[in-house]
Amino acid sequence: MQQLFNLEEYHQRLSQVKTRMDEQGVDVLLVSNPSNINYLSGYNAYSFYVVQALIVITEHDQPIWIGRREDANGAKLTTWLDDDRIYHYTDDYLHSNTKHPMDVITNVFKKLNQDQRRIGVELGSYYFSAMIYENFKGSLPDASFIDATTLVPNVRMIKSQQELQYMRNAAANAEHAMEIGINAIREGVSENEVAADIYHAQINGAEGVDGDYPSIVPLLLSGVKTSSPHLTWDGTAFQGDEIVTLELAGVHKRYHSPLARTIKLGQPTSREKRLADAVHEGINEALAAVKPGKTCGDIAMVWSETIKKHGFEKYDRLGYSIGLSYPPNWSEHTASIRQGNETVLQPNMTFHLIPGLWEQDCGVEFSETFVVTEDGCETLANYPRELIIKEGKKATSS
């Protein structure tokens with residue numbers, strides 16, 4: 001299989017990670033997050049529901065991949081690693097009461113004389129359970145352990161030109177899926193039907209751009225459900241007078257570009273219009289404030305000051321770093337656009353900015369994925385950012 005990046009880029013990534021390892025006092029890094037494994041090795045498979053890991057040793061030119069035996073050939077097909085850097089465990093280690101896949105991984109540490117070193121582990125990873133950690137520590141009593149949850153993600157924050165191209169392709173897929181979804185929303189159609197159309201569009205992709213499965217399901221909400229942004233479809237049929245919010249992502253080569261819009265079936269109420277006007281001006285002003293040297297907190301403050309003029313206050317997080325990801329989330333889990341966050345914006349950082357307003361029985365959201373440029377930012381998708389009014393089968397922007 002053809003690698004998605006050239007070998008030089010993988011070596012640069014590995015070098016940057018090793019520099020951060022040295023800065024944080026880490027001799028060996030055990031990577032469990034599949035996004036980080038992919039970033040450093042190219043490994044891409046739906047196998048993260050079992051134990052798998054990448055071991056980065058400061059003195060070694062290549063990492064070591066360890067996973068389930070039936071996935072080892074997938075590692076040979078998708079990574080840049082030599083075959084002798086690919087290890088596996090057998091299926092009798094899965095869900096056993098007497099042994100665990102970490103037994104194999106710790107034996108690799110011992111075999112390579114890495115069992116008495118300072119080991120970085122991703123304690124905050126969804127894929128690194130308490131059982132895994134306890135097994136690991138207990139098997140390597142002479143090692144010391146350091147939390148390295150954000151070590152690789154902090155390297156990932158600044159994208160290469162090839163990564164940005166994949167994200168632009170993902171944005172084209174997001175535009176396509178959004179258009180399909182909005183066209184499908186109409187009186188008498190169920191939320192399930194619309195979600196199915198969106199999934200098809202996401203995976204099929206825009207013309208000339210292949211799609212991929214998203215790390216989060218399409219968040220399609222109507223009526224009172226728009227007051228809570230993370231509910232999912234439930235079979236409800238549209239009545240023809242609801243406000244509807246839709247958040248989805250285009251995906252290409254595992255790179256995500258989320259996009260959210262709000263639709264009104266029929267004419268908006270004065271309250272809905274007021275919410276939409278506040279969010280619309282708020283996101284526009286926040287995007288206009290993005291510049292290298294500004295902090296994430298600076299951007300959040302601009303949003304807050306803007307919506308105050310409309311009579312609203314909201315201090316929750318309104319964005320986060322984004323890029324390569326696997327379920328259950330598409331965030332990089334590093335920088336957040338919220339007040340007090342001191343992360344300094346740099347060119348080629350990418351964020352999902354989603355500053356919604358959710359009241360007790362109604363919500364409005366618009367979002368954009370953007371890349372920080374040398375003098376501002378570039379939004380990756382090109383889709384109308386206003387409240388979309390849909391009467392009958394036609395949609396217009398307010």
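Predicted model: local features only at pLDDT ≥ 70, side-chain atom pairs only at ≥ 80, totals over all residues.
Strand E5 covers residues 118–121 and strand E6 covers residues 144–147, and the two run parallel to each other, joined over four bridges. Within this pairing, valine 121 sits opposite aspartate 147 of E6.

The backbone angles in the loops come next. Most residues other than glycine have a negative phi, and most peptide bonds are trans. Against that background, the loop linking strand E8 (243–252) to strand E9 (255–265) deserves a look, and lysine 253 is found there. Lysine 253 is not a glycine, yet its phi is positive, near 55°. Arginine 254 lies in the loop between E8 and E9 as well, and its phi is also positive, at about 75°, although arginine 254 is not a glycine either. How accessible are these residues? Lysine 253 counts as partly exposed because its relative accessibility is 27%, which falls between the limits of 20% and 50%. Arginine 254 counts as buried because its relative accessibility is 1%, which is under the 20% limit.

Another loop holds a cis peptide bond. This bond joins proline 327 to proline 328, with omega at about 15°. As for its setting, proline 328 belongs to the loop between strand E10 (319–322) and strand E11 (331–336).

Methods: Residues numbered from 1 in each chain as written. Heavy atoms only, no water. Pairing = 2+ DSSP bridges. Buried < 20%, exposed > 50% of the residue type's maximum accessible area, 1.4 Å probe, protein only.
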